[in-house]
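Keep the sequence and the model in view.

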Amino acid sequence: METKYLMERLATKYESFYLYDEQSIITQINTLKKKFPSVDFLYSVKCNSNENILSSIFKNNFGAGVSSLAEIQAVKKYGLHPEKIFYSAPGKSMKDLQASYQQAVIIADSISEIERIKYLAKVLNEQIRIGIKINPNFTYENDGGVPSKFGIDEDDAVRYLATLDELYVKVVGMQANIKSQELDCSKINRYYKKVFQLAEKIELTIGHKLDFLNLGSGIGIPCSPDDRDVNVSWLGTEVEERITNFKINRPKIKIMIMLGRFIVGKSGTYITHVIDKKTSHGKTYVILQNIVNGFFKPVFSEWMKKSEPQNRIDMEPFFTKVNSFEIHPLKPQNENETVTLVGNSCMPNDVIAEDIDMPKLRIGDVITISNAGSYSSVLTPMQFSSMGKVQEIFFTVDGEVRENPS
Ligand SMILES: *Cc1c(COP(=O)(O)O)cnc(C)c1O
C-alpha cells in the first residue's frame with residue numbers, strides 16, 4: 001500500500017504525527033453529494049480545523065458550521081460567503097454577536113440571546129436575520145424532550161416567537177441537531193422527518209416561510225468491530241423525497257445537514273514509535289512517543305473501559321465506544337506477546353491498551369493508530385509536559401505530501 005510506504009518514510013523524520021489522506025475525505029464528500037443531491041452540506045469545523053482539511057472541504061462547495069469567532073476567521077480564508085457560514089454555540093456574548101453578525105448567520109441558542117441580538121439591531125438601527133436552534137420535544141429514540149444546554153425548548157420557542165416583532169430580528173432559519181454518531185439510518189430518518197414537521201410549526205408561529213432548515217447531524221461512522229456503516233443510500237432516497245415535497249410550497253428553501261466525523265473521521269491515522277520496553281512484576285510495558293499528549297481519545301477510551309457502564313453515555317466527542325481504535329505495528333513480526341501500551345508522559349494512566357496480544361514489538365518500531373481524523377488532534381492536551389504540538393501531515397489526492405499548512 002502506497003500510504004504504508006509514506007508512513008514509513010515520514011516516520012524517519014517525525015517521532016509522532018497525524019497523517020490525513022485526502023482521498024478518504026473526497027470519497028466521503030462524493031458519497032454525500034451523490035446520495036443527497038438536494039442537500040446543502042455544512043462541515044462542522046470544530047471536528048478538525050487543520051488548514052489543509054478545511055481547504056479540501058471548502059473547495060468542494062461545502063458551507064461551514066462554526067462554533068466560535070476564531071472559526072469564522074479561519075473559514076473566511078477559503079472565500080466562503082457569510083451566508084454559507086453558520087455560527088452556532090451556546091453562550092455567545094454581546095462581543096461575539098457584534099463581531100459576527102455581518103460575517104456569518106447567527107444561530108440563536110437562547111431567548112436571552114435573541115434579546116441581545118434585538119438590542120444590537122436597535123442600536124445599529126437595522127434588521128438582523130438569524131436562525132434559531134430548537135431543543136425539540138422529541139429525540140432520536142422517543143417522543144418527549146430532554147433538558148439540554150443547547151437550543152431553545154420547542155414550547156418556549158413557540159411561545160416567544162408568537163409575540164416577536166420582526167422589525168429588528170427576523171427568524172429566517174432553524175436547526176435542531178441533538179445527536180452525533182448515530183448508526184441506525186431509520187432512527188436518523190425518523191428524526192429528520194420530525195424536524196421537517198417542527199419547521200412547519202415554527203413557520204406557522206412566525207407567519208412566514210423559512211429560508212433555511214438545518215436537519216441536524218447524526219450520521220455516524222463505524223468505529224468498533226461490531227459497528228456497521230450507515231445506509232446512506234436508503235437514507236438519501238428518503239430525505240430527497242421529503243425535500244421534494246417540502247419544496248413544493250418553498251421552492252427557495254435551503255435544506256442543510258451538518259457533519260464532521262462522517263467527512264474526516266476515517267481520513268486520519270496517528271503514527272508513533274516504540275521508544276522503550278521493560279518488564280515490571282511480570283507485566284511487559286511498551287512505551288510509545290506522545291500518547292496522552294499526542295492522541296488523547298484512545299487513552300480516554302481506556303479510562304472509560306474501567307468506569308461503570310451507566311456513566312458511558314453522552315461522552316461524545318471525547319468517547320464513542322471502547323475498542324474504537326486499531327493499533328498495529330507498521331511491520332508486524334510473526335511472534336505475538338501480551339503487552340501494555342503506554343505513553344512517555346509522567347502520567348500513570350497514560351495507557352492506550354492493557355494486557356493485549358500484539359505482534360512482538362521492538363524499540364524503534366513504528367506504530368499506527370486508526371480513526372484519528374475527527375476530534376483527535378483538536379481534543380488532545382498538547383501543552384501537557386511541554387512536549388510540543390504533534391505535526392499534522394496531509395497527503396493530497398495528487399500524491400503531494402504537505403508537511404505544513406497550505
Ligand atoms: C459538532 C457538531 C456537529 C458535528 O457532529 P459530528 O458527529 O462530528 O458529525 C454537528 N452539529 C453541531 C451543532 C455540532 O456542534
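Helices (H or I, at least four residues) and strands (E, at least two) are DSSP runs, numbered from the N terminus. This is a predicted model: local features need pLDDT of at least 70, side-chain atom pairs count only at pLDDT 80 or more, and totals for chains, interfaces and linings use all residues. Residues are numbered from 1 along each chain as its sequence is written, and side-chain values use heavy atoms, with hydrogens and water left out.

Q: Where is P317 found?
A: A cis peptide bond joins E316 and P317, with omega about 0 degrees. P317 sits in the loop between helix 11 (297-305) and strand 13 (327-329).

Q: How far is a polar side-chain atom of Y375 from an oxygen atom of the ligand?
A: Y375 is one of the residues around the ligand (near means a heavy atom within 4 Å). A polar contact is a pair of N or O atoms within 3.5 Å. For Y375, the distance from the polar side-chain atom to the ligand oxygen is 2.5 Å.

Q: What is the distance from an oxygen atom of the ligand to an N or O atom in the side chain of R261?
A: R261 also belongs to the residues around the ligand. Its side-chain N or O atom and the ligand oxygen are separated by 2.7 Å.

Q: Is S386 buried or exposed?
A: S386 lies in the loop between strand 16 and strand 17. Phi of S386 is near 50 degrees, a positive value in a residue other than glycine. Buried means under 20% relative accessible area, exposed over 50%, partly exposed in between (1.4 Å probe, protein chains only). With a relative accessible area of 70%, S386 is exposed.

Conventions. A polar contact is a pair of N or O atoms within 3.5 Å; within protein, one must be able to donate a hydrogen and the other to accept it, and residues adjacent in sequence count only if both atoms are side-chain atoms.
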